[in-house]
Amino acid sequence: MRRVLLWFRQDLRLHDNEALQDALRIADEVIPVYIFDTRIWQGHTKTGFPKIGPHRARFVLESVAALRDSLRSIGSDLIVRIGISEDEIFDIARQVRSSNVFCNRDRTQEEVDVQDALEQKLWTIGQELKYSRGRMLYYTADLPFPVNQTPDTFNAFRKEVEKIVQIRPPLPVTATKPTWSCDIEPGELPTLSAFGIASIGNSGQSCVGGEAEGLNRAKNLIWNSSSAGTLKTAVEDQFTADLNSICSPWLSSGSLSPKKLYEELRTFEEENGANELTHNLFTDLLLRDFHRFIGKKY
């Protein structure tokens, strides 16, 4: 019996989740885990500001709760812990005697530091951290240049990839279920007060976390004419525009895959033709990838 951990991070979804599919492909049992890292949830920046504010905190809590509900609906569950990510993952891996830990890789410094620390701890018990790539439109292997030669301007980057590199289709939700038989307590979902964050009322901004909400937003953004009409305004001023036309919170938390949003965009264009909405949206998705590749480069 081969048992692995699946560490959910900023990929809070079942659709187009490469780490999930990689884990299911090689393991008999897959145990999903999410860690509320206290360095983020109770930490402060060097200038004294909280690293996570109340609106983002509520959104992430809703997204994790939705992910747990989705996993439970298919006979699985989500292990939830509060603490230091590398310590909590290591303790669970040792407890359940897994063989590996799977996750979607992050490339920016704080996330890399956590990955490196977890790798070193897992090596002491003969386990490995297995990385997948599931955060972007483009795969590094598909680029016409190595990452360390990514153009430093967006226009140059766009000329290199837009007409040349094909975007892979999103991975479907797998029919294989991430179930396990070991005895481990799933843990309770925390509340905002557990992190010393004050509860917030309804602010009027209809940003509800979760995969289903993210998928609905993608459809509404592209197919709903009223949302399409407000996209230009929304890009220019996200604070006063109709928030039904904004998808960035779900993309950021990983509740919505950028490839899934792109697929919806292309389906619309095949049936209705391209327009300003689809052009601007693809430009924004491309710009998102560009910034991430620059992050990898440096």
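A crossing of two helices is called right-handed if the near helix is turned clockwise from the far one by less than a right angle, and left-handed if anticlockwise. Keep that handy for these exercises on a predicted model.

**Exercise 1.** Work out how helix H7 and helix H10 lie relative to each other, and which way they cross.

*Solution.* 
- Step 1: start with the geometry. H7 (residues 211-223) packs against H10 at about 30 degrees, and their axes are 10 Å apart.
- Step 2: angles under 35 degrees count as roughly parallel, so H7 and H10 are roughly parallel to each other.
- Step 3: now the handedness. H7 and H10 make a right-handed crossing.
- Step 4: look at who touches whom. Among the H7 residues in the contact are Leu215, Ala218 and Trp223, while H10 brings residues including Leu261, Leu265 and Phe268.
- Step 5: sort the residues of this contact, and you get eight nonpolar, two polar and four charged.

**Exercise 2.** Find which residues of helix H4 are buried.

*Solution.* 
- Step 1: locate H4, which covers residues 85-96.
- Step 2: pick out its buried residues: Ser85, Glu86, Glu88, Ile89, Phe90, Ile92, Ala93 and Val96.
- Step 3: see what covers them, including strand E1 (3-8) and helix H5 (109-123).

Technical notes. Residues numbered from 1 in each chain as written. Predicted model: local features only at pLDDT ≥ 70, side-chain atom pairs only at ≥ 80, totals over all residues. Heavy atoms only, no water. Helix = DSSP H or I, 4+ residues; strand = E, 2+ residues; numbered from the N terminus. Expected span 1.5 Å × (residues − 1). Buried < 20%, exposed > 50% of the residue type's maximum accessible area, 1.4 Å probe, protein only. Contact = heavy atoms within 4.5 Å. Axes fitted to C-alpha atoms, helices over the stretch in contact; angles between N-to-C directions. Parallel < 35°, antiparallel > 145°, perpendicular 65-115°, else oblique. Nonpolar A, V, L, I, M, F, W, Y, C, P; charged D, E, K, R; others polar.
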